[in-house]
Amino acid sequence: MFPLELTTRGRWVRRAGDKRPLTTTGRAASSTDARTWSTYKNAAESVAGVGLGFVLSSDDDVVCIDLDHCLNPLTGRLAPWAAAIIRDAGTTYVEVSPSGDGLHIWGRADVRQGRRIRRPDGTAVEVYGTGRYIAMTGRRHGSSPSILADLSAVVSKLTA
């Protein structure tokens, strides 16, 4: 389901219905306090909240590119601008966001400062590498593999 590169890291949390991060016991978790994080196994077994989340940390180069409002949940059709980013990302783990109309592209790059890039059509692309948590669904987009690719070139292009 999730890439091994994520499930072997102890940076998992639960998430509330309103997307707030929770500990496995249902208390408030923090994207910057490792004491509130858990192993994948413990987070997956917990019944707190409505789902899982993964914390991005400066301890490594795992990043997430968040594409908002790019996927038609009824047809599965991808907006052309998002399809271009997915194509540029190459062979890497991509999952459908909890809303059902966005995508999370997972990979590796050096992103110390998160960025929200507003597109001319009003949609947004967010690039995060540390100090954030991402709500996880495990719903793979298309035939994306369970691996993390180098997204450095895509991140550079998006943030240029």
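How much space lies in the largest pocket? About 310 Å³. Bear in mind throughout that this is a predicted model.

Let me stay with that pocket for a moment. Its lining is made of 17 residues, and those nearest the centre are Lys19, Asp66, Asp68, His104 and Glu126. By class, the lining divides into 6 nonpolar, 5 polar and 6 charged residues. As for where the lining comes from, β4, β8 (124–128) and β9 each supply at least two residues. The largest share is that of β9, with 4 residues.

Now the strands. β9 belongs to an open sheet of 4 strands, in the order β2-β1-β3-β9, with antiparallel pairing. At the edges are β2 (21–22) and β9 (132–136), each of which pairs on one side only.

Strand β1, residues 12–15, pairs with strand β3, residues 51–56, in the antiparallel sense over 4 bridges. In that pairing Val13 stands opposite Gly53, and Arg14 stands opposite Leu52. β1 is also joined to β2, by 2 bridges, and these two run antiparallel as well.

The hairpin of β1 and β2 has 5 residues between the strands, and in it Lys19 takes a positive phi near 80°. Lys19 is also among the residues nearest the centre of the largest pocket.

Which way do the side chains of β1 point? Trp12 and Arg14 point one way, Val13 and Arg15 the other. In a regular strand, side chains alternate between the two faces of the sheet. Both pairs in β1 are buried, arginines included.

Next, a residue from the neighbouring strand. Phe54 is placed in β3. Is Phe54 buried or exposed? Phe54 counts as buried because its relative accessible area is 0%, and the cut-off for buried is under 20%. Leaving aside residues up to four places away in sequence, Phe54 touches Leu6, Arg9, Arg11, Trp12, Val62, Trp106, Arg132, Tyr133, Ile134 and Met136. Of these, Trp12 is one of the β1 residues whose direction I described.

Strand β6, residues 103–108, is mostly covered, with 5 of its 6 residues buried. What does β6 pair with? Strand β4, residues 62–67, is joined to β6 by 6 bridges and runs antiparallel to it. In that pairing Leu67 has Leu103 as its bridge partner. Strand β5, residues 94–96, is joined to β6 by 3 bridges, again antiparallel. Here Val94 stands opposite Ile105. The hairpin of β5 and β6 has 6 residues between the strands, and Gly100 in that hairpin takes a positive phi near 85°.

With strand β10, residues 149–150, the sense is parallel, and 2 bridges are found. Gly107 has Ala149 as its bridge partner in β10. Strands of a sheet pair through backbone hydrogen bonds, either parallel or antiparallel.

Ser144 lies in the loop between β9 and β10. Ser144 is buried because its relative accessible area is 11%, again with the cut-off at under 20%. Its contacts, not counting residues up to four places away in sequence, are Thr92, Tyr93 and Val94. Val94 is the residue that stands opposite Ile105 in β6.

Last, the helices. How do α3 and α4 pack? Helix α3, residues 80–89, and helix α4, residues 152–159, pack at an angle of about 145°, with 8 Å between their axes. The residues of this contact divide into 4 nonpolar, no polar and 2 charged. On the α3 side they are Ile85, Asp88 and Ala89, which meet Val154, Lys157 and Leu158 in α4.

How values were computed
Residues numbered from 1 in each chain as written. Predicted model: local features only at pLDDT ≥ 70, side-chain atom pairs only at ≥ 80, totals over all residues. Heavy atoms only, no water. Pairing = 2+ DSSP bridges. Buried < 20%, exposed > 50% of the residue type's maximum accessible area, 1.4 Å probe, protein only. Contact = heavy atoms within 4.5 Å. Axes fitted to C-alpha atoms, helices over the stretch in contact; angles between N-to-C directions. Nonpolar A, V, L, I, M, F, W, Y, C, P; charged D, E, K, R; others polar. 1 Å grid on protein atoms, 1.4 Å probe; cavity = no way out; pocket = protein on both sides within 12 Å on 5 of 7 lines; lining within 4 Å. Points joined across faces, edges and corners; volume = space filled by probe spheres on them.
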